[in-house]
Amino acid sequence: MPDQFNGKKNMTDPIADYLTRLRNAIKAQHRVVEVPASNLKKEITKILFDKGYILNFKFVDEGPQGTIKVALKYDPVNKVNAIKKLQRVSRPGLRRYAGHKDLPRVLNGLGIAILSTSQGVMTDKEARDLNIGGEVLCYIY
């Protein structure tokens with residue numbers, strides 16, 4: 001069915017799209033995946049790199065929006081990806097917030113929850129250390 005808005009896609013949840021692109025690239029065992037850039041996606045990508053879930057990333061500022069090139073991380077022997085699961089928690093239709101006392105623990109601390117807080121995007125552990133809560137964007141393990 002053709003789009004009626006001059007060929008432009010109407011995206012309601014760009015974070016879910018970002019996670020889905022990563023998930024699909026992992027299933028297809030791609031080395032690199034390109035996603036449209038935004039400031040929130042750039043911060044999530046930096047967290048994934050810092051925590052060792054991706055091999056590398058590069059921000060390409062071409063066109064009106066730019067892209068993020070993400071190099072996925074695989075075990076060289078078993079060809080298993082470092083990311084086992086990407087799960088979107090808060091979504092546009094149902095936002096999920098957590099106070100600093102109620103921050104989720106993903107797999108008893110083995111995974112991470114990414115939060116959007118008043119002091120920027122961070123992991124659940126960093127938010128717990130700073131005693132701040134926020135919107136729980138996703139779980140990664």
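Strands S5 and S8 pair in the antiparallel sense over two bridges; here, two strands are taken to pair if DSSP finds at least two bridges between them. Helices (H or I, at least four residues) and strands (E, at least two) are DSSP runs, numbered from the N terminus. The model is predicted, so that local features need pLDDT of at least 70 and side-chain atom pairs count only at pLDDT 80 or more, whereas totals for chains, interfaces and linings use all residues. Residues are numbered from 1 along each chain as its sequence is written, and side-chain values use heavy atoms, with hydrogens and water left out.

Strand S8 spans residues 134-140 and includes glutamate 135. Six bridges join S8 to strand S6 (residues 112-117), and the two run antiparallel. Strand S4 is likewise antiparallel to S8, with three bridges between them. Individual bridge partners can be assigned within S8. Tyrosine 97 stands opposite glutamate 135, while cysteine 138 is the bridge partner of isoleucine 114 and also has arginine 88 opposite it. S8 is mostly covered, six of its seven residues being buried. Buried denotes under 20% relative accessible area, exposed over 50%, and partly exposed the range in between (1.4 Å probe, protein chains only).

Glutamate 135 is itself buried, at a relative accessible area of 12%. Leaving aside neighbours within four places in sequence, glutamate 135 is in contact with Ser90, Arg95, Arg96, Tyr97, Ile114, Leu115 and Ser116, where contact means heavy atoms within 4.5 Å. With serine 90, the side chain of glutamate 135 makes a polar contact of 2.6 Å. A polar contact is a pair of N or O atoms within 3.5 Å; within protein, one must be able to donate a hydrogen and the other to accept it, and residues adjacent in sequence count only if both atoms are side-chain atoms.

Seven salt bridges are found in a search of the whole structure, each being a side-chain nitrogen of Lys or Arg within 4 Å of a carboxyl oxygen of Asp or Glu. One of them links the side chains of arginine 95 and glutamate 135 (3.1 Å, N to O). Arginine 95 lies in the loop between strand S4 (86-88) and strand S5 (97-98) and glutamate 135 in strand S8, so the pair ties together parts that are 40 residues apart in sequence. Arginine 95 is partly exposed, with a relative accessible area of 42%, whereas glutamate 135 is buried.

Aspartate 124 is buried at 6% relative accessibility; arginine 128 is partly exposed at 24%. Lysine 125 and aspartate 129 form a salt bridge in which the closest N and O atoms are 3.7 Å apart. Both members of this pair are exposed, aspartate 129 at 58% relative accessibility and lysine 125 with a relative accessible area of 54%.

Helix H2 (residues 39-50) has twelve residues and reaches 17 Å from its first C-alpha to its last, close to the 16 Å expected at 1.5 Å a residue; the expected span is 1.5 Å times one less than the number of residues. Its buried residues are Lys41, Lys42, Ile44, Thr45, Ile47 and Leu48. Leucine 48 and glutamate 135 are 87 residues apart in sequence and 18 Å apart in space, C-alpha to C-alpha.
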